[in-house]
Amino acid sequence: MQTLDRIWDILATTGFKVSTDTRKDVSGSVFFALKGETFDGNDFVENALVKNPAAIVTENEQFKSRENVYVVDNTLSVLQKLARRYRDLFNIPILAIGGSNGKTTTRGLVRHFLEKRYKVHATASNLNNYIGLPLSILSMNRSAEIAVLEIGANRLNEHLELLSILNPTHVLVTNNGLDHLEGFGSPDNVIKANEEIHDWARQHKAIILKGADQGLEIAKSLPLSIRKDGKEYPTQLVGDYNIENINRALSVARDFGVSVEESLLSLSDYSPASWRSQLVERDGTRFVVDCYNANPTSMKLALESFTKSAREPRGLILGDMLELGPYADEAHEQVLAYLAGQRFDPIILIGKDFKKALEKTKLKASWFPDSGSTKKWFNKQNFDGHTLLLKGSRVIGVEKILERDDSPALVDHA
C-alpha cells in the first residue's frame, strides 16, 4: 500500500482530524509537521509523539523507524493531496472567493446569508493560502450542504495552485486592488493573478458569479445602514465601501435561492470579523477598527469613507502598508498628501515607511516605531469625544492600542 493511502486510511479513522501545532491538542489526530515562516514542525515531532496522535507525517528522517510516523519528501504536498482527495468526497456547491480587497467580509456575509437555508462550511479565520486552504477543506463536516472558501495569493500562479486543490464549482472575484505588490511585482500582475481565477473556471466549467448590483443606497455610515426600496437595514459594519461587499453577498445568496429581502432582514445579525470594519467604543472614544490588513487601495477607501462619515473631533492611527516592494515610498507619500488636505487631530503614524514619507512633508503628525510604543503614549492621552480610525497591515498590529493592560491580547475570531 502506498504511503499516501496509509495516511488516508488513518486520517479516515480519526474523522479527518488534523493538527499542525504541538502547543495545542494533537491527541487522536494526524499531526503534519509543516514548515512555517517562524517554526519548522519537523523540529517538534518528539513533542507531538508524547501527546498521543493517531499518526505523524514528517520530513524528519530520524523518526522513520517509529510506529505510526510516516516520513515523506514533502509534508505540505502530502497534506494538499489528501485535502483534494477529501474534497472529492463532496458532491455539493463549493464556492471559491478571491480578489484583492473584501474577500473576508464578502465570505462572512455570504456564509451568514446562506446559513438561513443551508448547512454551510466556510473558511475559519484567515486559512486561505497554500497551508490554510487544505486545513479548511479537511475540517469540512460531511453533512455540509455548501462550502464557501476563501483563496488568497501573493504571487502569480498561486491562485491556480489553490484552485487545483479546492476544485470549486463556483468562483467569485471581489475586485482588483493594489495588494501584495512585492510578490506580484506590479499592479498589472495583480489583475493577471485575479484573472487566473476566471481562466481556471472557464477551463474547468465552474460557474463564475458576478455579484450584480442589488440597488442599495447608504442611509447612514457610523455604523453603516443600508436602504433598499424605501426600507432601511442597519448593520454592525462601518465603512461605506462595505456596500460593495454586501451587494456581492446578496447576489451570491440569491443565486443559491436565498431572497435579497430575506438576506437583508438578517443583515443586522452579522458581526464582522475581529479588526475588520468594526465600531468599538472605549472610555468615551469611538474607534473605527479596520486594521486586519492594509494596502494602498484599502487604505484609500478607508480614509475616504472615514473623512465623509466621521464628525470632528476625529483622528487617525495608521500603520505601515507592507509587502509593497518598490511601490512603498510612493504609496505612503500619497497617503500623507491626502491627509494634508483634510482635518484630522491627532494623526498618529506607525512604522519606518510612514517615517520616510513624513520626513518629506510638513504634515503635523506624531510618529512611533511600533504599536507597543504607540500604546504607551496613547494610554497617557485623553481623546474623550473623538472618533479615531485604526488602519494598518497585519504585522504592525495597530489594534494593540485597544488592548487593556490587565487583559489578554485581542484574538481574531474571524
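1. Ser263 has a relative accessibility of 0% and therefore counts as buried (under 20% relative accessible area, with exposed over 50% and partly exposed in between; 1.4 Å probe, protein chains only). This serine lies in helix 10, residues 260-266; helices are DSSP runs of H or I with at least four residues, strands are E runs of at least two, and both are numbered from the N terminus. Leaving aside residues up to four places away in sequence, Ser263 touches Phe113, Leu250, Ala253 and Val258, a contact being heavy atoms within 4.5 Å.

2. The model is predicted; local features need pLDDT of at least 70, side-chain atom pairs count only at pLDDT 80 or more, and totals for chains, interfaces and linings use all residues. Residues are numbered from 1 along each chain as its sequence is written, and side-chain values use heavy atoms, with hydrogens and water left out.

3. Mean pLDDT (the predictor's confidence in each residue, from 0 to 100) is 93 for the chain, and 97% of the residues score at least 70. Residues 406-414 have pLDDT below 50, and this stretch makes 18 contacts in the model beyond near neighbours in sequence. Where pLDDT is low, predicted coordinates should not be read in detail.

4. Across the chain there are 14 helices and 18 strands. Of its 414 residues, 53% are buried. Among contacts with a separation of 6 or more, 67% join residues 24 or more positions apart. Along the principal axes, the C-alpha atoms fill a box of roughly 70 × 50 × 40 Å.
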